[in-house]
Amino acid sequence: QVQLVESGGGLVQPGGSLRLSCEASGRIFDIHSMAWHRQAPGKERELVASMITGGSTTYADSVKGRFTMSRDNAKNTVYLQMNSLKPEDTAVYYCNIEVRRVINVEGATRRIDYWGKGTLVTVSA
């Protein structure tokens, strides 16, 4: 029932900037973490940035200092601001939200992962 839709991808020149958005179709409760992944042609999917609820945000070494992840709970949206883009950043970017819901009084939880279909970012002159 929950759907994630990424947007903001496109063609940009090296050194340029883009802001990706990930909007949920409805309010999502019990979010454990939110993340951005990317997958370049012929490469494995890699974690770009991850934000743990009530915790910190971590970034892949390759994007530290250039990418910034943020969220707007009121808008059910998570963002990825990408600056100083490089050709190596070319990939399909995916939004991921991990939910963990307590299912009994003993504290057991159920993990649910939601994924968007991705948005293509191409960095080229």
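## Close-up views of a predicted model

View 1. Strands here are DSSP runs of E, at least two residues long, and numbered from the N terminus; two of them pair if DSSP finds at least two bridges between them. In general, the strands of a sheet pair through backbone hydrogen bonds, either parallel or antiparallel.

A word on what you're looking at: this is a predicted model, where local features need pLDDT of at least 70, side-chain atom pairs count only at pLDDT 80 or more, and totals for chains, interfaces and linings use all residues. Residues are numbered from 1 along each chain as its sequence is written, and side-chain values use heavy atoms, with hydrogens and water left out.

View 2. Look for Ser 7 opposite Ser 21 in strand 3.

View 3. Thr 68 has Gln 81 of strand 8 as its bridge partner. In the loop between strand 7 and strand 8 you'll find Asn 76, which has a positive phi of about 55 degrees although it is not a glycine. Most residues other than glycine have a negative phi. Asn 76 is partly exposed, because its relative accessible area is 21%.

**View 4. Ser 84 also has a positive phi.** Step along to the loop between strand 8 and strand 9, and there is Ser 84. Its phi is positive, about 50 degrees, although Ser 84 is not a glycine. With a relative accessible area of 40%, Ser 84 counts as partly exposed.

View 5. The largest nonpolar core has 29 residues, and Trp 36, Leu 80, Met 82 and Tyr 93 touch the most other members. Such a core is a set of buried Ala, Val, Leu, Ile, Met, Phe, Trp, Tyr and Cys residues joined through side-chain atoms within 4.5 Å. Among the strands that each supply at least two residues are strand 3 (18-24), strand 4 (31-39), strand 8 (77-82) and strand 11 (119-123). Strand 9 gives the largest share, five residues. Zoom in on Leu 80: beyond its neighbours within four places in sequence, its contacts include Leu 18, Trp 36, Val 48, Phe 67 and Tyr 93, where contact means heavy atoms within 4.5 Å.

**View 6. A disulfide ties Cys 22 to Cys 95.** The S to S distance is 2.1 Å, and a disulfide is a pair of cysteine sulfur atoms within 2.5 Å. How many disulfides does this rule give? The count is one. The link of Cys 22 and Cys 95 is left-handed, with -80 degrees about the S-S bond. Cys 22 sits in strand 3 and Cys 95 in strand 9, 73 residues apart, so the pair links distant parts of the chain. Cys 22 is buried at 1% relative accessibility, and Cys 95 is buried at 0%.

**View 7. Glu 46 reaches Arg 38.** Glu 46 lies in strand 5 and is partly exposed, with a relative accessible area of 34%. Its side chain makes a polar contact of 2.8 Å with that of Arg 38. A polar contact is a pair of N or O atoms within 3.5 Å; within protein, one must be able to donate a hydrogen and the other to accept it, and residues adjacent in sequence count only if both atoms are side-chain atoms. Leaving aside neighbours within four places in sequence, Glu 46 is in contact with Trp 36, His 37 and Arg 38.

Terms used. Buried means under 20% relative accessible area, exposed over 50%, partly exposed in between (1.4 Å probe, protein chains only). Helices (H or I, at least four residues) and strands (E, at least two) are DSSP runs, numbered from the N terminus.
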